[in-house]
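Dear colleague,

I am passing on the structure we spoke about, and below it you will find what came out when I went through it. Please read the notes with the coordinates open beside you.

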Amino acid sequence: MKRVLPAILALAAALGAEPPSAIAIRGARIVPVSGPVLERGTVVLRDGLIEAVGENLSPAPDVWIMEGKGLTVYPGLIDALSSWGLPAPASASSANRIPQAGAPPPAAPAKGPEDRPSNTSWLRAADLIQPSDRRLEEARGAGFTSAAVFPTSGIFAGQGAVINLAGDRAGEMVVATPAGLYLSLRSGMNAGFPGSLMGVIAYIRQSFLDAGHYRAAQAAYQRTAAMKRPAYDRAVEGLLDCPRVLLPAGRAAEIDRMLRLAAELNLKPVLYGGHEAHRAIGRLRASGAPVLLNLKWPERDREADPEQKDSLQVLEFRDKAPSSAAALARAGLPFAFYSGGVERPRDLRKAVKKAIDAGLAPADALKALTLGAAAIYGVSGRLGSLEPGKIANLVVTDGDLFEEKTKIRYVFVDGVKFEPAVETPGEAAR
Amino acid sequence: MRAAALLFACLAPLLAGSEDSFALRNITIHPVSAPEIAAGTLVVVDGRIAALGASAAVPRGLRVIDGKGLHVYPGIIDSLTQIGLSEISAVPATVDTTEVGDFNPQLRAEIAINPASEHIPVTRAAGITSVIAGPMGGIISGQAALVHLDGWTWEEMDIRRSAAMMLTIPVIQAGGGRGSPPGRPSFAEARRNYEKKLAELRDFFEAARRYRQARLAGQAGFKTDLKFEAMLPVLEGKVPVVARATRERAVREALKLAGEQKIRLILAGPREVEGVVKEIREHNIPVILGPTHVPPLNEDDPYDRSFTLPGELYKAGIKLAFASFSTSGARNLPEQAATAVAYGLPYQEGLKALTLNAAEIWGVASEYGSIAKGKWADLMVTDGDPLETRTQVKHLFIKGRAVDLDNKHRRLYQKYLARP
């Protein structure tokens with residue numbers, strides 16, 4: 001019986017019905033990230049989890065064996081701030097229009113923080129996932145198996161989720177939720193308050209102070225019999241839920257500003273942007289705040305006037321941005337990469353290579369793309385390395401991950417194998 | 001003695017031309033066109049300079065002003081302003097600089113000048129006796145006038161009613177850069193707009209040329225068009241074109257246009273000249289310098305880029321004149337020149353660029369711009385070097401008539417000085 005099982009499983013796989021529940025990749029180069037590299041090792045996956053990783057494993061007879069000679073196995077890559085699998089921002093606001101118990105969004109321009117403008121903090125990425133998003137396949141093709149996805153429109157945009165980048169149903173894809181609250185400093189979006197950066201910052205401070213008061217008032221109401229009930233406010237509920245707050249901080253001055261804001265409001269900050277992190281290492285070390293580096297490195301606008309000379313300050317900013325990763329790694333500070341403005345997932349490895357060329361050790365780059373990102377979101381026990389018991393998210397290549405000619409052969413998400421679509425030459429040339 | 005003085009006072013108005021006839025004695029004369037004369041005499045009769053020298057004869061009965069410790073210079077010419085066209089820039093009702101449309105050569109700034117503008121006495125107090133008042137806006141903005149800063153009407157102020165045709169070279173106004181205002185078009189789109197504007201400009205010149213030929217040929221059914229009429233002196237080289245061009249691309253475009261259309265070009269306000277300075281020199285194009293007291297154009301330019309530019313252009317052999325490009329700022333023109341002198345422009349050239357060069361560029365050097373026999377007596381009398389900030393203008397003469405130096409700034413100064 002046991003002997004025929006692999007055959008049945010193979011048949012099932014061929015029919016696309018049920019994936020094999022146990023797979024072993026044998027004799028491959030294994031890069032677990034959490035431990036030393038195994039030059040000829042085996043990794044066994046079962047029921048969506050990693051069952052074993054080692055050099056001299058003999059997998060159980062029911063395991064479907066893949067010969068891994070010439071292949072390298074890495075943990076699946078994680079995009080540390082993404083919108084893959086989420087609808088475009090416009091539909092995030094249409095989710096807003098669904099009748100909800102709270103006050104409807106004000107039609108008139110907001111006059112002050114009490115109107116809660118640009119606040120959709122109750123939105124949860126986990127509720128918005130669209131498993132049919134075409135970008136999920138593209139992302140897997142680039143070696144990404146997980147992402148921290150966030151709604152991003154508005155100042156208090158909403159709650160993120162760590163998701164796996166494959167699944168039949170949205171709920172199956174979620175690894176952890178809520179993963180944090182996404183904040184931006186965008187002003188002047190609805191012609192009302194806040195119309196300036198100082199207004200936005202004052203608004204953020206007021207909102208978190210309101211959240212603190214809201215919590216205290218709700219708690220007092222639970223304890224007290226005769227007390228006027230405090231009003232329910234979904235915009236503030238979202239602020240109370242979040243385990244961490246993502247704050248925009250690209251320039252050194254912005255990093256400084258956001259760290260001060262987080263300290264004042266007693267938030268657990270995760271900074272995103274980070275292109276001048278190399279100039280703010282001291283502040284970052286003192287705070288211990290993780291940095292998410294945008295892989296869309298600053299570059300000259302292709303649309304720009306060819307006669308316009310860029311200033312030294314701008315040239316230096318562009319030149320040094322990719323060295324931020326190396327600076328953070330040297331200082332031993334937590335950081336990860338995110339897709340940011342990089343439109344095509346397959347360009348992401350090239351962008352990471354830029355950071356490597358600017359001094360980042362390849363091992364540190366790999367860690368930032370896997371275990372480092374998982375640790376920032378508190379899911380390093382589930383994702384980010386090849387260790388028994390972790391989710392079977394893997395990327396299998398035919399060489400070093402950061403070599404340009406290296407091809408991604410397979411990715412595994414929750415133990416399910418995917419083969420990247422072959423790029424047509426026309427597409428590659430684009 | 002007192003009776004004699006009284007008699008003279010009564011007779012004075014009866015003497016022919018007494019208001020614009022006088023002699024300055026014992027004064028240092030700085031003719032600009034010639035070496036200075038210490039303790040000299042300058043004789044003005046009927047508004048014109050009759051004689052000057054160490055011992056020029058003073059006709060009998062002429063009013064004599066003792067110039068001990070004083071200096072006399074030709075009056076300063078500000079080679080581009082909006083004086084009389086704009087009173088308070090923030091109050092649209094007082095601004096008459098700009099007409100709707102891209103091509104308005106028929107507009108004459110002179111007739112729009114407000115002779116009662118408060119800026120006129122303020123500007124005069126700095127030793128400025130005449131200015132170019134130019135319209136702005138669109139591509140061809142209209143005709144700039146050279147006017148005296150004195151007169152009850154614009155007719156009395158007039159020197160050259162059509163001193164130049166004002167042209168603003170279009171620029172590519174693209175967005176996209178950091179800090180650029182929102183809503184600006186992409187570079188590609190902005191460049192298409194720009195090229196369209198340039199094509200329209202060439203078409204306009206071409207149409208004006210055809211109009212002229214039809215007019216000369218006495219074509220049947222010929223219809224007078226004021227726009228094209230105004231272009232005739234430009235096409236015939238009688239009136240120069242002042243092209244406002246800051247960046248190198250605009251300067252190149254102005255030079256190209258002048259070559260194609262065979263027009264007399266004057267460049268106004270170029271600030272990015274490295275790549276074009278040779279060509280400006282080769283074609284003998286005069287340059288109207290913009291204000292020097294401005295930050296450098298590009299972030300990485302040396303801090304003194306705006307200060308050294310006049311000296312560099314001079315060394316390249318280019319004829320220069322200073323302009324304030326302003327209304328309320330015109331009074332600072334001598335200081336703008338002084339900074340250029342401190343940063344490499346030879347002193348005499350600084351003075352010339354305020355006086356004689358300007359007169360030459362505007363085609364009035366036979367009448368104005370220096371202290372020479374036969375020229376109009378536009379004079380400033382100072383207690384020192386006009387390029388020194390502390391120097392005071394003691395007298396100002398326009399066509400030999402003393403001009404009141406009182407002005408709003410002085411009145412405000414007196415008012416607040418008297419505050420208990």
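The buried residues of helix 11 of chain A are covered by a set of elements that includes helix 9 (281-287), strand 12 (291-294), strand 13, helix 12 (348-357) and helix 13 (362-369) of chain A. The residues in question, within helix 11 (residues 323-330) of chain A, are A:Ser324, A:Ala325, A:Ala327, A:Leu328 and A:Ala329, which are buried. After helix 11 of chain A comes A:Gly332, and the phi of A:Gly332 is positive, near 70 degrees. Please keep in mind throughout that this is a predicted model.

As to chain A overall, it holds 15 helices and 16 strands, and 43% of its 430 residues count as buried. Among the contacts in chain A with a separation of 6 or more, 70% are between residues 24 or more positions apart.

On the side of helix 6 of chain A the contact is made by A:Ser207, A:Phe208, A:Asp210, A:Ala211, A:Tyr214 and A:Arg215, and on the side of helix 7 of chain A by A:Val236, A:Leu239 and A:Leu240. The residues of this contact between helix 6 and helix 7 of chain A divide into 6 nonpolar, 1 polar and 2 charged.

Turning to the domains, chain A is divided into domain 1 (1-76 + 385-422) and domain 2 (77-301 + 323-384). The contact between them takes 21 residues from domain 1 of chain A and 24 residues from domain 2 of chain A. On the side of domain 1 of chain A that touches domain 2 of chain A, the elements that give two or more residues are strand 5 (72-75), strand 15 (408-413) and strand 16 (416-418) of chain A, and strand 15 of chain A gives the most, with 3 residues. The residues of that side of domain 1 of chain A divide into 15 nonpolar, 4 polar and 2 charged.

Chain B, for its part, is divided into domain 1 (16-74 + 369-404) and domain 2 (76-367), and the centres of these two domains of chain B, taken over C-alpha atoms, are separated by 31 Å. Their contact takes 18 residues from domain 1 of chain B and 27 residues from domain 2 of chain B. Strand 14 (379-382) and strand 15 (393-398) of chain B each supply at least two residues of the side of domain 1 of chain B that touches domain 2 of chain B, where strand 15 of chain B gives the most, with 3 residues. That side of domain 1 of chain B is made up of 10 nonpolar, 5 polar and 3 charged residues.

B:Thr41 has B:Gly53 in strand 3 of chain B as its bridge partner. The hairpin has 2 residues between the strands, and B:Asp46 takes a positive phi near 55 degrees there.

Finally, the contact between the two chains takes 11 residues from chain B and 9 residues from chain A. On the side of chain B that touches chain A, the residues divide into 4 nonpolar, 4 polar and 3 charged.

With best regards

Technical notes: Residues are numbered from 1 along each chain as its sequence is written. Chains are lettered from A and ligands numbered from 1 in the order in which they are written. This is a predicted model: local features need pLDDT of at least 70, side-chain atom pairs count only at pLDDT 80 or more; totals for chains, interfaces and linings use all residues. Helices (H or I, at least four residues) and strands (E, at least two) are DSSP runs, numbered from the N terminus. A residue is buried if 20 or more other C-beta atoms lie within 10 Å of its own, exposed if 12 or fewer, and partly exposed in between; C-beta atoms are placed from the backbone. Two residues are in contact if their C-beta atoms, placed from the backbone, lie within 7 Å. Two strands pair if DSSP finds at least two bridges between them. Ala, Val, Leu, Ile, Met, Phe, Trp, Tyr, Cys and Pro count as nonpolar, Asp, Glu, Lys and Arg as charged, and the others, Gly among them, as polar. Domain bounds come from an automatic or database domain assignment.
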